[in-house]
2 protein chains.
Amino acid sequence: MRILLTLSYDGTDFCGYQIQPNGRTVEETLENALYTLTGEKIKTYASGRTDSGVHAVCQKVHFDTQSSIPPENFAPALNAILPSDVKVSKSKRVSKNFNARFSAKKKTYRYSLMIGDYEEPTVSRYKTLIKTEPNLSLMKECAKLIEGEHDFKAFMASGSSVQDTVRTVHSIKVVKKGRFIDVYVSGNGFLYNMVRIIVGAMLAVADGKATIKEIEDMLNRMERPIKVKTMPAKGLTLYSVIY
Amino acid sequence: MRILLTLSYDGTDFCGYQIQPNGRTVEETLENALYTLTGEKIKTYASGRTDSGVHAVCQKVHFDTQSSIPPENFAPALNAILPSDVKVSKSKRVSKNFNARFSAKKKTYRYSLMIGDYEEPTVSRYKTLIKTEPNLSLMKECAKLIEGEHDFKAFMASGSSVQDTVRTVHSIKVVKKGRFIDVYVSGNGFLYNMVRIIVGAMLAVADGKATIKEIEDMLNRMERPIKVKTMPAKGLTLYSVIY
């Protein structure tokens with residue numbers, strides 16, 4: 001049978017989602033726990049790979065198993081084995097046609113910022129420090145421009161080999177609460193580092209370092225201006241995946 | 001001159017606030033940073049000592065110095081020296097009569113709970129897991145009873161040597177958001193473990209394990225029923241100190 005897991009993890013001490021020769025990964029940690037539980041060498045498939053240091057509150061992962069464990073029991077059984085920085089919030093049976101990656105209709109990432117002179121210790125694992133209060137209406141103006149279907153080639157990490165770089169960003173929401181800002185970016189799919197570069201572009205515009213025109217040029221497959229930074233991984237959280 | 005610092009810390013990797021022979025403490029970490037900055041052996045005085053594992057977003061600490069560093073510059077200068085789990089959000093000069101502990105008029109602690117079967121990795125450092133949804137109106141009924149001036153002897157950790165155990169709890173607020181509950185307890189002072197036992201009492205009542213009458217008895221200096229637990233340290237945060 002095919003099982004779908006909903007996963008939460010604190011990415012701080014993981015070298016990203018995907019298994020790699022050296023370094024602790026979410027994928028390997030999960031597959032080791034599945035092996036302990038079922039005795040099967042199970043290959044898992046995630047909705048997408050998150051980078052080193054990126055968190056998730058709603059990663060989706062499917063796998064096939066011969067086990068007779070009731071589907072809903074995988075969550076508590078795995079949680080008894082998994083370390084404290086990765087847990088399963090839900091497990092259920094899905095059809096053999098379901099694919100955690102290819103069946104996804106919409107994914108939302110949250111990018112979290114804290115404004116100030118210092119990194120607040122109780123949130124610094126999950127938020128990126130910015131020194132000055134950004135102009136919120138400029139951030140939102142930039143967000144409006146990025147929403148929609150575009151060729152996001154200039155919003156992709158250099159060295160990435162993806163050919164089709166057209167993606168649709170359904171919405172970008174900016175929520176400010178005191179000295180904290182959360183940016184929610186929803187889309188049908190994302191290129192490597194795309195959300196971190198989108199937020200970098202929004203902040204470059206908000207701080208007056210880049211113009212709206214330069215971001216328009218980025219969307220027309222032009223080069224990325226050096227003023228537009230890739231924001232650090234730790235502020236990014238995979239927030240939801242809709243099927 | 002006398003300086004007042006506002007301190008934030010993640011208590012997870014500290015053996016509490018107060019200096020002790022073995023173990024990393026907030027006090028020693030701060031005094032070491034002050035020594036690096038000023039060359040003086042400075043003794044600091046906090047609004048209160050937090051236990052091992054307890055966090056703070058607004059601890060207040062005063063100290064005297066001969067240094068000519070402008071008062072407001074202590075915050076950024078100390079932050080450049082301090083580790084990432086303790087930071088200074090503000091520094092200012094206060095009069096020689098001011099005392100971070102004895103001048104305090106009101107202190108508020110926040111106790112944070114998460115409801116569910118598993119510890120959500122991105123919040124588990126700061127919230128305590130409870131398995132079932134507590135009855136919120138019973139929690140609030142218990143809170144109402146505890147508010148006011150009482151002899152809180154039965155709400156103090158055993159082995160504590162404090163003689164005067166009368167304290168005033170100004171207010172207890174319960175805020176629920178989804179599967180998270182925050183309990184804010186404000187008072188003129190707190191006995192050892194008092195907030196953690198107050199929340200333990202509220203949950204014992206909410207879960208039907210203790211009666212309102214038993215909590216009334218606790219407030220009349222009776223014994224603490226074994227059903228009333230001391231809640232774990234990690235859910236507790238020193239939230240504000242008002243002078």
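A salt bridge is a side-chain nitrogen of Lys or Arg within 4 Å of a carboxyl oxygen of Asp or Glu. This is a predicted model, in which local features need pLDDT of at least 70, side-chain atom pairs count only at pLDDT 80 or more, and totals for chains, interfaces and linings use all residues. Residues are numbered from 1 along each chain as its sequence is written, chains are lettered from A and ligands numbered from 1 in the order in which they are written, and side-chain values use heavy atoms, with hydrogens and water left out.

**View 1. The interface between chain B and chain A.** The count of salt bridges between the two chains is zero. Contact (heavy atoms within 4.5 Å) involves 22 residues of chain B and 22 residues of chain A. Together the chains bury about 1,500 Å², of which 61% is on carbon and sulfur atoms; buried area is the accessible area (1.4 Å probe) that two parts lose on being put together, summed over both. On the side of chain B, B:Tyr118, B:Pro121 and B:Thr122 supply 38% of the area buried against chain A, more than any other three residues.

**View 2. A salt bridge between A:Asp10 and A:Arg125.** The two side chains meet at 3.1 Å, N to O. A:Asp10 lies in the loop between strand S1 (2–9) and helix H1 (26–38) of chain A, and A:Arg125 in the loop between strand S5 (106–115) and strand S6 (128–130), so that the pair links distant parts of the chain, 115 residues apart. Helices (H or I, at least four residues) and strands (E, at least two) are DSSP runs, numbered from the N terminus. Over all chains, the structure holds 28 salt bridges.

**View 3. Helices H3 and H4 of chain A.** H3(A) (residues 136–146) and H4(A) (residues 194–206) pack at an angle of about 135°, with their axes 8 Å apart. Axes are lines fitted to C-alpha atoms, for helices over the stretch in contact, and angles run from 0 to 180 degrees between N-to-C directions. The two helices are therefore oblique to each other (angles under 35 degrees count as roughly parallel, over 145 as roughly antiparallel, 65 to 115 as roughly perpendicular and the rest as oblique). Residues of the contact include A:Leu138 and A:Met139 of H3(A) and A:Ile198 and A:Ala201 of H4(A). By class, the contact has 11 nonpolar, no polar and no charged residues; Ala, Val, Leu, Ile, Met, Phe, Trp, Tyr, Cys and Pro count as nonpolar, Asp, Glu, Lys and Arg as charged, and the others, Gly among them, as polar.

**View 4. Helices H3 and H5 of chain A.** The axes of H3(A) and H5(A) (residues 212–219) come within 10 Å and cross at roughly 20°. These helices are therefore roughly parallel to each other. A:Glu141, A:Cys142, A:Leu145 and A:Ile146 of H3(A) meet A:Ile212, A:Ile215, A:Glu216 and A:Leu219 of H5(A). Six residues of this contact are nonpolar, none polar and two charged.

**View 5. Helices H3 and H4 of chain B.** H3(B) (residues 136–146) and H4(B) (residues 194–206) cross at roughly 135°, and their axes come within 8 Å. That makes H3(B) oblique to H4(B).
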